[in-house]
Structure formats: C-alpha cells, structure tokens
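The structure is shown first.

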Amino acid sequence: MNKYYLTTAIDYVNGAPHIGHAYEKILTDIIARHYSQRCDDVFFLTGTDEHGIKIQKTAAANGITPKELCDMNAQKFKTSWAGLDIKYNRFIRTTDEDHEKVVQHIFKKLVEKGDIYKHSYEGLYCSGCECFLNEKDLTEDGLCPDHLKKPEVVSEENYFFALTKYKDAIIKHIKENPDFIVPQFRANEVLNQLEDIRDISVSRAKNNVKWGIEVLDDPEQSIYVWIDALSNYITAIGYDMENPTEQFNKLWPADVHVIGKDILKFHSIYWIAILMALELPLPKHIFAHGWITIDESKMSKSLGNVISPTSVLESFNLETPDAFRYYMATSAPCGKDGNYSDEDFKEKVNAHLANSMGNLLNRTLSMLVKYFDGEIKSEFVPTADTELVEGSFSLLKESLGKIKVVENHFCRFEIAEAAQEVISIVDKTNKYVTDNAPWTLAKEGKMNECGQVLTTVLNVMCIISSLIYPYCPNIAGEMARQLSYDLTKKLDDVTLNEIKLGKLITKEEIKPVFLRVDSELADKSVKK
C-alpha cells in the first residue's frame, strides 16, 4: 500500500458545527491515523460547502455578505476540528479560487459532451434540501420528509445533467463490487433509488440564486450544488482536465468517501455518474455512517439538545479530546446509529481508558519500580522455551495477532469493532495479572517469575499503545513515553518483544495516562 486518500463530506456553513459533524470527522481522522501506521502517503481531505440559496438568505437576514458568513462559519469548523485533534491535509472551501475555476471547466466540458443540457422545468423545490422533490417523496401532507416544510413550485430554465444515461453502468458497478458501498446493506437502498432516478438540475437561474459559481458562457446561470460540492474531492488534489497534477495522479481514486447515510444517494449515484461522464476512475469505497442521537432523541434546535463538538471537553474539564474521540468512535457498530449521553460517556471512558487500560500500565510500572528499581532484565522476557509463568508467551502472541485483527476491521470500516478488540486484550491482560499476582510472587521470593509477568504486561502495553493511537493520540503518546516505545513504528514492524532492556522508568516519571472523569455534570445549557 503506497497511498491512502480519504475524504469527509464537506459541511454546509449555514450554521455552526455540532456533534454529528464531529462524529464523522473523528471517524475519518481515526481511519487516517490508522493508515498512517500502514503506509507513508495518507491524504485526509475535509472542508465546507459554501454556495447556495440558504447561505444567501441567512447572510441577508444577518445584514452581512454571503462571503462574510462563510468566512465566519468556516473558521468555526476549523477551530472545532483543531480542538478535537483532527489532523487533515487540506481544508477545502468551495469558495476557494482553484476549486471554482476547475468546477467551471468541468461544467463546460460536460456541456460540450452533451451530458449537461438546458431544459425548462417546473417542479417542487425544497430550499432545505436544495433539490427538487417528486410528489411520491413527500409526506401525506405534502411536506418534505426531512424538513417538514411544503416545497415551493419553481419554474425555471436550468441546465440538467443526464443522470439516467449512466443508470445501468452504476447498477452494474454496485452489483459487481459488493464492498463498494459500506455497510453492504445500504447497497440495496441505492439500487432501489436507482429504479426511479431522473436527470437532475445542476444550475439555478441567477435571479433566484445569486450566490454560486457562474456558468461559463452563460452568466445568467449559477452552478448548482451537485457539480460544485461533489467535485471538491478531485479539485482539492489538483484535478485538471488538460494537465492533472502529480498529486492527483498519485492519489485518485479515493480509497474511501466517509459520509452520513442521509447523503448516500448523492455520492453513490450522482457523484458516480459525474465521474463516469468525466471518464475518471471511481472511488474504491463509500462508507455511510449512521446518525448520533442525544439521550436517545434526534438532535433538534427546538428540543435544545444540539451539542457543540468541544462542549463535552469543557463540561468534563478534559485537557485533551482523547476520551471524547474514543467514546464517539465506539458509539455505534459500522453504519448503524449511535447515541451520546453524559452518563454513558462518563461510565465508558472511566471503565475503558482509566480503570482498565490506564490503571494496568500505572500499576505495572509501579511494581517494576518497587521490585526491580524500574529495570527490565533479559531473563524476564518470555519465549516459547523460557516461559516461567504459564500463559505469558501465548498472551504476547495473541496481543501481536490483534494487529492483523484490527487491520481487518479497519479494511471494513468497523471502527468501533476494532476498538473492542483492543479493549478485549486489555481485559485479558488484566486477568493475566490478577491470575498470576506478581505482588504475591515477589512476596514469595519468585523474582524472575514476578519480573516475567511485569515484562509480559509491558510488552503487551507497547502493542496496545500502537493500536489505541488512532483513537487516543495523546494517551497513546504518554503510554509510549513511559514505555520508551517508538510510536512512529509501522504496524508491520511491531514485534513480540518491544520493551527495552535495562532501566525503563523512575518513580517520578510514572503518571496516570488518563484521569477518571469524576467531575459534576455540567449544566446542559452550556452545550447548546
């Protein structure tokens, strides 16, 4: 594997980011960090979608220009992601000049090919969805099912993209590539949607939507969201129809688009058809994650339960975002919905990160200092032939084997499931310590056996620090520091015995890698 290119959906900047936005970015950052442990060239793209009627109207209502609104809210997203240790390679904004220019030429090329054509149209337009709806899509009361508002009848002459031209090719690709859409059960939804697709509007009349990229050779038309927003995945890495950059040639096709299940249709149908029209390779995977509810209720401004991405850190006085990252990433199985609650957050991170993983390292290092002055001796290292304590070598082998298990989960975008594997080996190692009671071995004078138990645990903790790093980079970094372990090591290079021989640590150098969350829960109003 010589490269890994992954993207998130670009967020609409009509408002500030919330915990649902954060969930997707955390998942993607974890995937990116994991693959950085497997290959040298990982490129992580995220950004913001900044054109359209909603932004135009919101800006007008606030007495500012659309660009001023976009600048203000795009910065809120950047600030939030920095607070969550989201390490992207590029943050693209669809108002970026390089993006706008390429989008104009993509549009022009598709017009010249006949894949985009002008057509008079009257239809039901939902400004919330920013798309035309069919009557069968509406509720019994004639409302948009997502926004519960009646769409307006719009009559315009717009440009349309010949989506139906690519219907059969998309169906064929989905059926021939069962891992193209993840999780696989979503593929049937897409195939059902393909049965009723129509050509889609890809421009709006300038007198209705002024805030958009102008169509070349037709200044009365603004390029509409699908060609504009979706093209960010190629414009951000240097796509050019005449002379694509070296970076584009290396990175494309994307290894995965990480998106919410609500926009799967646009990515697995609209975007794929656009790529086919441009004669470009298709992304390898589209991973559609579920939604995050709050205390088992859907997030809603009217319910007052919209949580900002960094408010949990503030509520619990967390110095780093690791606990929140871990909790969000493990909140739901692959593709399913998850839930956030204060109580569950506190219970899970205390149990997994403080009580199980953190305490295991802390007490093992403390015993190493107490019984051996912090020194690891060669005779303590278990092998198949020198095992003094039964189960030591097999625990090491099983821990090393977890690397491949975790890698396989990541290949299927099973992020929560991969974390469960890491915690399972932590739990097994805790049981190993309890069963072999190194404090009792030391009391009985069995110092080599005691040393082997401690050395085995610390070797396991080296492996755990590598596996937990994508989720908890700060905790993993502190674990690695206390273990004198090289956290930059590729997963394929991790061996059975990673702990260094000789003086490892002093009493003063030992500190908890994660403190229990025991503060009083913050007033919910803080999180709105």
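Predicted model: local features only at pLDDT ≥ 70, side-chain atom pairs only at ≥ 80, totals over all residues.

## Nonpolar cores

The largest nonpolar core comprises 110 residues, and Tyr340, Phe345 and Tyr471 have the most contacts inside it. Apart from this core lies another, of 74 residues, which includes Val102, Cys144, Ile171 and Val225.

With neighbours within four places in sequence left aside, the contacts of Tyr471 are Ile30, Asp322, Arg325, Tyr326, Ala329, Phe410, Ile415, Ala418 and Ala419.

## Helix α6 and its two partners

Helix α5 (residues 167-176) packs on helix α6 (residues 185-194) at an angle of about 165°, and the two axes are 11 Å apart. Angles over 145 degrees count as roughly antiparallel, and α5 and α6 are therefore roughly antiparallel to each other. Their crossing is left-handed. On the α5 side the contact is made by Lys167, Ile170, Ile171, Ile174 and Lys175, and on the α6 side by Ala187, Val190, Leu191 and Leu194. Sorted by class, this contact has seven nonpolar residues, two charged ones and no polar ones.

Arg186, Val190, Gln193 and Leu194 of α6 make the contact with Leu264, Lys265, Ser268 and Ile269 of α10. By class there are four nonpolar, two polar and two charged residues.

## Helices α12 and α13

Helix α12 (residues 322-329) and helix α13 (residues 342-372) pack with their axes 10 Å apart, at an angle of about 105°. The two helices are therefore roughly perpendicular to each other. From α12, Ala323, Phe324, Tyr326 and Tyr327 meet Asp344, Phe345, Lys348, Val349, His352 and Leu353 of α13. The class count for this contact is seven nonpolar, one polar and two charged residues.

Two of these residues also figure in the core section: Phe345 is one of those with the most contacts inside the largest core, and Tyr326 is in contact with Tyr471.

Ser341 lies in the loop between β16 (338-340) and α13. Its relative accessible area is 13%, so Ser341 is buried. Not counting residues up to four places away in sequence, Ser341 touches Asp295 and Tyr327; Tyr327 is also one of the α12 residues that meet α13.

Asn232 lies in helix α8 (residues 232-235). This residue has 0% relative accessibility and therefore counts as buried. Beyond its neighbours within four places in sequence, Asn232 is in contact with Ile10, Leu45, Ile92 and His99.

## Backbone geometry

A cis peptide bond runs from Val182 to Pro183, with omega near -5°. Pro183 is placed in the loop between β8 (181-182) and α6. Trp252 and Pro253 are also joined by a cis peptide bond, with omega about 10°. Pro253 lies in the loop between α9 (246-251) and β13 (256-260).

Asp85, a residue other than glycine, has a positive phi, near 55°. Asp85 is in the loop between α3 (66-83) and β4 (90-93), and at 16% relative accessibility it counts as buried. For Ala437, phi is near 40°, again a positive value in a residue other than glycine. Ala437 is in the loop between α15 (415-436) and α16 (438-443), and counts as buried at 12% relative accessibility.

Technical notes:
Residues numbered from 1 in each chain as written. Heavy atoms only, no water. Core = buried A, V, L, I, M, F, W, Y, C linked by side-chain atoms within 4.5 Å. Buried < 20%, exposed > 50% of the residue type's maximum accessible area, 1.4 Å probe, protein only. Contact = heavy atoms within 4.5 Å. Axes fitted to C-alpha atoms, helices over the stretch in contact; angles between N-to-C directions. Helix = DSSP H or I, 4+ residues; strand = E, 2+ residues; numbered from the N terminus. Parallel < 35°, antiparallel > 145°, perpendicular 65-115°, else oblique. Left-handed = near helix turned anticlockwise from the far one by under 90°. Nonpolar A, V, L, I, M, F, W, Y, C, P; charged D, E, K, R; others polar.
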